[in-house]
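Notebook open, structure on screen.

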Amino acid sequence: MNAMQEQIRSIIHKHEGLKKNLIAILLDIQSENAYLPPEALRTVASELAVPLIDIVGLATFYRAFSLKPRGRHLVTVCLGTACHVRGGPKILSEFEKRLAVEPGETTPDKQFTLETVACLGCCAIGPVVVVDRDYYGHTTIQRVNTILKKYQRGNKPKATKRVAKHA
Ligand code: FES
């Protein structure tokens, strides 16, 4: 048994009492690996005796899961209507420029993955950016650099509130 298989077995074992909640298992695997590696999905399928196609279907249905390697930090820029009219596209352009990646891409140093989303459900504080689990509302182009600095290598972001109004 290799290291990945051992990791998956240990995660599955942890969820035994929870009736083998597949979503919780996949979330744990993603949290360990920053994405869902194909080998991990095959191991889950074999350990749980669930068809691989069902697991892949679940992993592709939920936006929270990624089948592609992600960076250490996930930057999500909202481009829903409310955020769009308040400058979301300009915020996105600034992240693209500073990180030198486009949405869906990861920086070569594997520190950041940039993504967009249609709405985060907190339109009143738009334009909204989420980094990992930290929300930044009323974001401006000028604040983009400040936000990124908090997560750059060596900088440990202080515990921020789930919804921060200002960067
Ligand atoms: S449109 Fe951005 S949070 Fe709703």
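**Entry 1: α1 and α2.** I looked up the crossing of α1 and α2, and it is right-handed (left-handed if the near helix is turned anticlockwise from the far one by less than a right angle, right-handed if clockwise). This is a predicted model: local features need pLDDT of at least 70, side-chain atom pairs count only at pLDDT 80 or more, and totals for chains, interfaces and linings use all residues. Residues are numbered from 1 along each chain as its sequence is written.

Helix α1 (residues 3-14) packs on helix α2 (residues 22-33) at about 140 degrees, with axes 10 Å apart. Axes are lines fitted to C-alpha atoms, for helices over the stretch in contact, and angles run from 0 to 180 degrees between N-to-C directions. That makes α1 oblique to α2 (under 35 degrees is roughly parallel, over 145 roughly antiparallel, 65 to 115 roughly perpendicular, the rest oblique). I noted Gln7, Ile8, Ile11 and Ile12 from α1 and Ile25, Asp28, Ile29 and Glu32 from α2 as the contact residues; contact is C-beta atoms, placed from the backbone, within 7 Å. By class I get 5 nonpolar, 1 polar and 2 charged. Here Ala, Val, Leu, Ile, Met, Phe, Trp, Tyr, Cys and Pro count as nonpolar, Asp, Glu, Lys and Arg as charged, and the others, Gly among them, as polar.

**Entry 2: α3 and α4.** Next pair: helix α3 (residues 38-48) and helix α4 (residues 52-61) pack at about 130 degrees, axes 9 Å apart. That makes α3 oblique to α4. The crossing of α3 past α4 is right-handed. Leu41, Arg42, Val44 and Ala45 of α3 meet Leu52, Ile55, Val56 and Ala59 of α4. I find 7 nonpolar, no polar and 1 charged residues in this contact.

**Entry 3: Leu58.** Still on α4, I checked Leu58, which lies in that helix. Not counting residues up to four places away in sequence, Leu58 touches Leu22 and Leu26. Leu58 and Leu26 are 32 residues apart in sequence and 9.3 Å apart in space, C-alpha to C-alpha.

**Entry 4: the cores.** Which residues touch the most other members of the largest nonpolar core? I read off Val75, Val77, Phe95, Val128 and Val129, out of 20 residues. A nonpolar core is a set of buried Ala, Val, Leu, Ile, Met, Phe, Trp, Tyr and Cys residues joined through C-beta atoms within 7 Å. At least two residues of this core come from each of β1 (73-78), α6 (88-99), β2 (112-117), β3 (129-131), β4 (134-136) and α7 (141-151). A second, separate core has 10 residues, including Ile8, Leu36, Val44 and Ala59.

**Entry 5: Gly88.** I found Gly88 in helix α6. Gly88 is buried, because 23 other C-beta atoms lie within 10 Å. Leaving out residues up to four places away in sequence, Gly88 touches Val77, Cys78, Leu79, Cys83, Gly126 and Pro127.

**Entry 6: overall.** Buried residues make up 27% of the 167 in the protein.

Conventions: Helices (H or I, at least four residues) and strands (E, at least two) are DSSP runs, numbered from the N terminus. Two residues are in contact if their C-beta atoms, placed from the backbone, lie within 7 Å. A residue is buried if 20 or more other C-beta atoms lie within 10 Å of its own, exposed if 12 or fewer, and partly exposed in between; C-beta atoms are placed from the backbone.
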